[in-house]
Amino acid sequence: ELPLEAQAKLLRVLQDGELRRLGATESRQVDVRIVAATNRDLRSMVAERTFREDLYFRLAVFRVELPPLRERAGDLPLLAEAILSKVTARGIPAAGLSVGALAELSRRQWRGNVRELQNVLERAAVFARGQAIEVEHLEPEDVGRELSPRLFERSFRDAKQLFALHYARQAVARANGSVAAAARAAQVTRQTLYRAIADGETLERELEEDEG
């Protein structure tokens with residue numbers, strides 16, 4: 001996000017190991033290690049001349065690609081534990097996640113990554129009132145999120161199909177992962193739930209590809 005002029009100043013600090021404080025007349029030596037993170041494509045920005053190429057190579061000495069949260073569901077339990085411990089430290093008691101709540105969180109897409117997870121858990125902890133967080137304490141997956149503009153280019157049938165996907169996911173999560181129990185509670189067959197999830201996920205992928 002830094003303008004090019006500020007990027008040049010940062011590059012000088014990294015190259016020369018010295019900086020001048022605001023208002024100071026003398027430079028001082030610094031010995032620091034820089035850990036930088038971004039969700040931008042810096043190589044494309046270099047090509048567009050909005051990010052300095054020399055600064056990019058100075059920062060990209062050792063690169064680590066971190067997949068989005070939806071591609072590393074195995075990290076969810078540890079992340080949730082860390083987030084809830086911070087919530088508790090701020091005076092909101094949080095007794096952890098139930099099996100059903102963890103199963104529901106593991107199915108979500110997490111377009112907002114860890115920040116979205118943090119918001120969901122903080123809100124759930126308030127509703128749980130010191131008890132273990134259950135599925136009913138979690139906000140619906142699409143609450144507060146605008147519908148994809150691409151969805152309005154499709155039929156009303158597609159919109160219902162997307163709703164059916166979220167309903168089926170919630171139903172299975174409330175049944176602690178049991179499709180049979182979820183189907184009984186929803187008064188449909190297991191095949192109906194499976195089909196709702198499969199068809200909905202296909203539509204969901206198409207919408208994501210259109211937006212990409």
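Helices are DSSP runs of H or I with at least four residues, numbered from the N terminus. The model is predicted: local features need pLDDT of at least 70, side-chain atom pairs count only at pLDDT 80 or more, and totals for chains, interfaces and linings use all residues. Residues are numbered from 1 along each chain as its sequence is written, and side-chain values use heavy atoms, without hydrogens and water.

**Exercise 1.** Find which helices each supply at least two residues of the lining of the largest pocket.

Solution. 
- Take α1 (4-16) and α2 (42-47).

**Exercise 2.** Classify the aromatic pairs of the structure.

Solution. 
- Rings of Phe, Tyr and Trp (its six-membered ring) pair if their centres lie within 6.5 Å; planes under 30 degrees apart are stacked, over 60 edge-to-face, the rest tilted.
- The whole structure holds two aromatic pairs.
- Tyr56 and Phe57 have ring centres 5.3 Å apart and planes at 70 degrees, so this pair is edge-to-face.
- Tyr56 is buried at 9% relative accessibility, whereas Phe57 is exposed at 52%.
- Phe163 and Tyr167 form a tilted pair, with 6.4 Å centre to centre and 35 degrees between the planes.
- Both lie in helix α7 (residues 156-174), four residues apart, about one turn of the helix.

Definitions and conventions:
Buried means under 20% relative accessible area, exposed over 50%, partly exposed in between (1.4 Å probe, protein chains only).
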